[in-house]
Amino acid sequence: MDEASVLVHPDAARRQIRDDEANRTPTPPPIPGGEDGGSGGGVGGEGPDGGGIAQPLVPPEPAPELSKRFHGVVEIDPARLGGSAGAISQEVVQRLASIMGSNVHVTLEIRADVPDGIPEKVERDVSENCNTLRFREHDFG
């Protein structure tokens, strides 16, 4: 299933198939010798619909190759983190996660350069918060 798939109740599908068959225009019987006077332009015999000249089978075009992976990097303004992260979640992450069988990982990377140095209290608070929030890794340098 994909985003273009729909579910149809079996009874509705059977009715549609029956209606389509009832509305099908019958094919006229083949003209002896064909339209070109019998020059042998096609294969003789019954066609797949029960009448007419059978046409050569044409293989269907192969489906286009679909992408298998996505990787994206975006820089977010810290002042707009909440709104930007929400939009990214809704417009990118949720769309990818909605594909059956997808495996989506989101990583948030934070870099902070502080030319005058990070005060000890801020470093201690940030480290404690990172531990509480289960950061995979964090360090100061």
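Buried means under 20% relative accessible area, exposed means over 50%, and partly exposed lies in between (1.4 Å probe, protein chains only). The model is predicted: local features need pLDDT of at least 70 and side-chain atom pairs pLDDT 80 or more, while totals for chains, interfaces and linings use all residues. Residues are numbered from 1 along each chain as its sequence is written, and side-chain values use heavy atoms, without hydrogens and water.

**Exercise 1.** Classify E91 and R95 by accessibility, and describe how their side chains meet.

Solution. 
1. E91 has a relative accessible area of 43%, so E91 is partly exposed.
2. R95 reaches 54% and is therefore exposed.
3. The two side chains form a salt bridge, 3.2 Å from N to O. The term requires a side-chain nitrogen of Lys or Arg within 4 Å of a carboxyl oxygen of Asp or Glu.
4. Both residues belong to helix 2; because they are four residues apart, about one helical turn separates them. Helices are DSSP runs (H or I, at least four residues), numbered from the N terminus.

**Exercise 2.** Find the partner of K121 and its accessibility class.

Solution. 
1. K121 pairs with D125 in a salt bridge, the closest N and O atoms being 2.9 Å apart.
2. Both lie in helix 3 (residues 120-132), four residues apart.
3. D125 is partly exposed, at 31%.

Notes
Helices (H or I, at least four residues) and strands (E, at least two) are DSSP runs, numbered from the N terminus.
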